[in-house]
Amino acid sequence: MKLSGAELRFVSLPLVTPFRTSLGTQTVRNALVLRLETSQGEGWAECVADDEPGYSPEYLMGAADVIRRFFLPRLFAVEELDPAGVAVALDGFRGHPMAKAAVEMAVLDASLRATGTCLSAYLGGVRHRVPVGVSVGITDTIDELLGLVDKYLTAGYLRIKLKIQPGWDIEPVRAVRETFGPSVPLTVDANTAYRQSDTRHLRRLDEFGLLLVEQPFAPEDLYSHARLAAAMDTPICLDESITSARDAVSALRQGACSVINIKPGRVGGYLEARRVHDVAQAHGVPVWCGGMLETGLGRAANLALAALPGFQLPGDISATARYYTEDITAPFSVTDGHLDVPSDPGIGIVPNPASLDRLTTSAERIVR
Ligand code: OSB
Ligand code: MG
């Protein structure tokens, strides 16, 4: 196919509850929606970069700029573009995995739509519904946290992930364990808030029977993660550290983790995400699908990915209502702790035009 144009839209979705992590508090999800016009029809995607370069070095305006200034001109020049060709065409540009992932996702959507194939089938999905959990932010009080966890367990979520940081770790985890019992699948995510000198402290989490501890240390610090993994019973899961399949091999060989959180944006797209999955499978390591407070576009595509066989733990792919009162697409809902994998061609969903317009803050069209 040939690319002929693109539309970049900034959308702004207020969150139903503020989302606080060790990196900061978010009350609104500003996202970049990309619509590509191709010789075979349209393709939709979202870029998961955040407003600020906190979780990763990318940020929304920067992602839009690199797409507009460098990626689109390069892709407009490709005569026969296919999904795998996106990464090849953009290989000369270093970094910007979330921006690259968005462009690749839109090309995937357009080309799969043209052949009537759904993303899940294309990627090798083996399930029609996937088990899901919920990521619970830091709250002002333990009571408030217990109220949220109770609400999510009642809604049917199959795993609770608590955001932690120094000063908000042992006590909230203990309170959740004591209140809801030992059988609730429970994990914690530090978003890099600890240092190697916290190892003795982090080992105290072993008494709570957690499924995993996610990303305690800095992204680059595989060594400290390997030391902690050797010192703790609880499995270590990496998120921020894994930006490619090559990183995954390196982390697994070093013993830095025994579980991987896969986010397509973080690794440069759904095709690289599948390679991370394949590497983990070859090492006998389970993976699960992380989340970036996606709109319905990213949520649909993440569900397709999470249908792959190596996704052995519930993903951070919660129902729309956990995030937004209104999304740009039809909402996703949770049934018996599962979300359905879209089966329509491409990513399997398109924005609802009226919602998209209502939530758009600015739009720009770029032609070849
Ligand atoms: O570390 O997994 C994370 C959200 C934004 C940035 C980083 C993370 C998260 C989440 C929420 O934990 C996942 C979701 O429900 O989308
Ligand atoms: Mg994380």
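Which residues are closest to ligand 1, and how many surround it?

1. In this predicted model, 15 residues surround ligand 1. The closest are Ser135, Asp189, Asn191, Leu293 and Tyr323.

2. Polar side-chain atoms reach oxygen atoms of ligand 1 from several residues. Asp189 places one at 3.0 Å from such an oxygen. For Lys161 the distance is 3.0 Å, and for Lys263 it is 3.0 Å. Ligand 1 taken alone exposes 390 Å², of which the protein buries 96%.

3. The sheet is open and has 7 strands, in the order E5-E6-E7-E8-E9-E10-E11, with parallel pairing. Strand E5 (134–136) and strand E11 (287–289) are the edge strands, each pairing on one side only. From one strand to the next the twist averages 25°.

4. Helix H6 (residues 170–180) lies across strand E6 (160–163) and strand E7 (186–189). The helix runs at about 165° to E7. Asp189, one of the residues closest to ligand 1, falls within the range of strand E7.

5. Helix H8 (residues 222–231) has Leu222, Ser224, His225, Ala226 and Leu228 buried. The cover over the buried residues of H8 includes helix H7 (199–203), strand E9 (236–238) and helix H9 (245–254). In general, residues three or four places apart in an α-helix point the same way, because the helix has 3.6 residues a turn.

Conventions. Residues numbered from 1 in each chain as written. Chains lettered and ligands numbered in written order. Predicted model: local features only at pLDDT ≥ 70, side-chain atom pairs only at ≥ 80, totals over all residues. Heavy atoms only, no water. Buried < 20%, exposed > 50% of the residue type's maximum accessible area, 1.4 Å probe, protein only. Helix = DSSP H or I, 4+ residues; strand = E, 2+ residues; numbered from the N terminus. Contact = heavy atoms within 4.5 Å. Pairing = 2+ DSSP bridges. Axes fitted to C-alpha atoms, helices over the stretch in contact; angles between N-to-C directions. Near = heavy atom within 4 Å. Polar contact = N/O pair within 3.5 Å; in protein donor to acceptor, adjacent residues only side chain to side chain. Areas by Shrake-Rupley, 256 points an atom, 1.4 Å probe, with all protein chains shown as cover.
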